[in-house]
Amino acid sequence: METPCQKIVWDLVPAIRASLAIELVKKRQLQTIVAKLLGIALSAASQYISGKRGYRIEFQGETKELIEKLAQDLIDNMVSDDV
């Protein structure tokens, strides 16, 4: 049985990355830029975009809208790593 933390690491985080990667491509960002914006390898970005990774959860409604906004904020450099 998976613990909640395992479920998040194995399913939720990859699904968020995949949704973000796909949204960034929809906004005409190259895969190299997607990888850089998400801080991941180019090969990982390619797998997220192609549906080979992070495909188990599909977001809808408000969550999808927030992911779309985050993608635009990443493009506009409006996201900070500061806590």
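This is a predicted model: local features need pLDDT of at least 70, side-chain atom pairs count only at pLDDT 80 or more; totals for chains, interfaces and linings use all residues.
View 1. Leaving out residues up to four places away in sequence, Leu 37 touches Leu 24 and Leu 74, where contact means heavy atoms within 4.5 Å. From the C-alpha atom of Leu 37 to that of Glu 62, 25 residues apart along the chain, the separation is 22 Å. Residues are numbered from 1 along each chain as its sequence is written. Local features need pLDDT of at least 70 and side-chain atom pairs count only at pLDDT 80 or more, while totals for chains, interfaces and linings use all residues, and side-chain values use heavy atoms, with hydrogens and water left out.

**View 2. The largest nonpolar core has 16 residues.** Such a core is a set of buried Ala, Val, Leu, Ile, Met, Phe, Trp, Tyr and Cys residues joined through side-chain atoms within 4.5 Å. The residues with the most contacts inside this core are Leu 20, Leu 24, Val 34, Leu 38, Ile 40 and Tyr 48. At least two of the core residues come from each of α1, α2 (31-38), α3 (42-50) and α4 (61-75). Helix α1 gives the largest share, 5 residues. In soluble globular proteins, nonpolar side chains tend to be buried together.

**View 3. Surroundings of Tyr 48.** Which residues does Tyr 48 contact, leaving aside neighbours within four places in sequence? They are Pro 14, Arg 17, Ala 18, Ala 21, Ile 22, Ile 40, Arg 53 and Gly 54. Tyr 48 is also among the core residues with the most contacts inside the core.

**View 4. Glu 23 is a buried residue of helix α1.** The helix covers residues 4-26. Glu 23 has a relative accessible area of 10% and therefore counts as buried. Beyond residues up to four places away in sequence, Glu 23 touches Glu 68 and Ala 71.

**View 5. Arg 28 and Asn 77 have positive phi values.** Arg 28, in the loop between α1 and α2, has phi near 65 degrees, a positive value in a residue other than glycine. With a relative accessible area of 76%, Arg 28 is exposed. Asn 77 lies in the segment after α4, and its phi is near 60 degrees, again in a residue other than glycine. Asn 77 is exposed at 66% relative accessibility.

View 6. The order along the sequence is α-α-α-α. The C-alpha trace spans about 40 × 25 × 25 Å along its principal axes. Of the 83 residues, 25% are buried. Among contacts between residues at least 6 apart in sequence, 57% join residues at least 24 apart. The mean positions of the 11 positive and 11 negative charges are 8 Å apart; Lys and Arg count as positive, Asp and Glu as negative, with His and the chain ends not counted, and each charge is placed at NZ of Lys, CZ of Arg, CG of Asp or CD of Glu.

Definitions and conventions:
Helices (H or I, at least four residues) and strands (E, at least two) are DSSP runs, numbered from the N terminus. Buried means under 20% relative accessible area, exposed over 50%, partly exposed in between (1.4 Å probe, protein chains only).
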